[in-house]
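Here's a quick briefing to read alongside the model. Have the sequence and the structure open as you go.

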Amino acid sequence: MEGLLYDGLTSRAWRVEIGLQAGRVTAQALDDPHVGIDWPLEEVREAAHAAGRYRLTRGDDDARLVVEIQPWRAFSGRSANAIARRGRGTEWGLIAGLVGAGATLAAVVFVGVPRAAGPLAAWTPPALEARFGSNMEAQFKVAFRPCKGDPSGAAILSDLGDRLAEGSTSAFDIRVQAVRAPFVNAFALPGGAILVTDDLIAQARTSDELAAVIAHEIAHVERRHAMQAAWRSMGAGLLLDAVVGGGTGAGQQAVLLAGGFADQRFSRDLETEADARAIQLLGAQDISTRGMADFFGRMANRKDDPRLRRAAEWFATHPDTAERAHRAAAVAAHGTPALSEADWRVLKAACQVVRR
Ligand SMILES: [Zn+2]
């Protein structure tokens with residue numbers, strides 16, 4: 001079977017032929033005999049990637065293999081896959097955890113959710129946040145379709161996200177994807193999914209500007225701000241959805257949730273915290289915060305321009321943009337561009353293909 005290999009060194013997606021022999025998985029690039037992997041099947045970990053795909057990894061190896069789920073299952077003989085089994089396991093732990101939190105949690109949920117959103121987010125079991133986030137992501141993608149076009153574009157974006165997340169202590173696998181939406185914004189969903197709109201990618205003039213936005217969203221994920229926002233807007237309904245989830249009402253609940261979430265506004269303190277953290281994440285990858293300063297600066301100047309109203313969406317959910325641009329400019333240093341010129345062009349074009 002075929003798949004895509006990311007070697008962990010470059011952002012290139014290698015088309016590979018995958019083989020399985022004597023309990024080992026091999027992948028060999030079609031274009032280059034020197035690029036490939038050879039992993040023991042039992043050490044291969046599966047994680048959800050884009051729709052219908054797995055991202056396969058092994059230990060500390062930076063390489064990742066992306067395969068379609070159904071052929072992979074048939075090929076590897078992993079029937080009901082490891083993820084599904086793990087998922088059921090955590091669910092019991094999760095429910096036990098919630099019952100354990102019991103009366104205290106219920107009291108906070110029904111009495112003081114907005115105030116308790118911070119602590120509640122911190123107590124939320126990561127498995128619950130992940131599950132809840134994937135519901136929300138599915139709903140988001142009904143309204144905002146993923147950018148299609150050249151699949152290397154999606155890979156370049158996702159790799160940039162992975163790189164920026166390297167310095168992050170997030171409990172979640174960061175997955176950055178582009179979606180088609182008629183406004184300039186980016187969303188950090190609970191559980192690590194980050195959605196960047198095609199309009200935002202179009203508005204970004206350099207890969208450093210885009211990297212700044214992604215780093216900022218990663219910070220929201222790491223600090224579980226998205227989970228706080230979810231608790232704040234949904235409260236008890238969220239808990240019910242989580243426990244009852246999968247039942248008939250769950251989808252509807254998620255729609256409501258996605259609707260409210262598209263409007264998410266984090267407090268000024270949380271935004272400042274996310275910016276400060278983003279500056280660290282950029283620095284760790286030797287990316288200048290000049291991009292952050294430029295992007296915020298432009299968004300701030302455009303908010304009153306009716307022709308660029310769509311660009312002001314970011315501004316609407318991210319107040320004090322001008323001040324934040326100043327802060328980023330103050331610490332801007334030289335760096336290495338977040339992406340090569342070639343990769344940046346591929347990424348920009350990937351979304352433009354489907355632009356209205
Ligand atoms: Zn933000």
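Is the crossing of helix 5 and helix 15 left-handed or right-handed? The crossing is left-handed (near helix turned anticlockwise from the far one by less than a right angle; right-handed if clockwise). Helices (H or I, at least four residues) and strands (E, at least two) are DSSP runs, numbered from the N terminus.

A word on the ground rules: this is a predicted model, where local features need pLDDT of at least 70 and side-chain atom pairs count only at pLDDT 80 or more, while totals for chains, interfaces and linings use all residues. Residues are numbered from 1 along each chain as its sequence is written, and side-chain values use heavy atoms, with hydrogens and water left out.

- Among the buried ones are I156, L157, L160 and L164, along with D159 and D162.
- The axes of helix 5 and helix 15 (residues 341-352) come within 8 Å and cross at roughly 115° (axes are lines fitted to C-alpha atoms, for helices over the stretch in contact, and angles run from 0 to 180 degrees between N-to-C directions).
- At that crossing, S152, G153, I156 and L157 of helix 5 meet D343, V346, L347 and A350 of helix 15 (contact means heavy atoms within 4.5 Å).
- By class, this contact has five nonpolar, two polar and one charged residues (Ala, Val, Leu, Ile, Met, Phe, Trp, Tyr, Cys and Pro count as nonpolar, Asp, Glu, Lys and Arg as charged, and the others, Gly among them, as polar).

- Seven strands make an open sheet in the order 4-3-2-1-7-6-5, with antiparallel pairing (two strands pair if DSSP finds at least two bridges between them).
- Strand 4 (36-40) and strand 5 (44-48) are the edges, each pairing on one side only.
- From one strand to the next, the twist averages 30°.
- Strand 1 (residues 2-6) pairs with strand 2 (residues 13-21) over five antiparallel bridges, with E2 opposite E17.
- Helix 1 (residues 69-76) packs on the sheet, touching strands 2, 3, 5, 6 and 7, and its direction makes about 100° with that of strand 7.
- Helix 5 packs on the sheet as well, touching strands 1, 2, 6 and 7, at about 135° to the direction of strand 7.

**Strand 7**

- Four of the five residues of strand 7 are buried, so this strand is largely enclosed by the rest of the structure.
- On one pairing, strand 7 joins strand 1 over three antiparallel bridges, and Y6 stands opposite R64.
- Four bridges join strand 7 to strand 6, again antiparallel, with L56 opposite L65.
- The hairpin of strands 6 and 7 has five residues between the strands, and G59 takes a positive phi near 45° there.

**W14**

- W14 lies in strand 2 and is buried, with a relative accessible area of 10%.
- L4 is ten residues away from W14 in sequence but 5.4 Å away in space, C-alpha to C-alpha.
- Leaving aside neighbours within four places in sequence, the contacts of W14 include G3, L4, L5, A29 and V35.

Technical notes:
Buried < 20%, exposed > 50% of the residue type's maximum accessible area, 1.4 Å probe, protein only.
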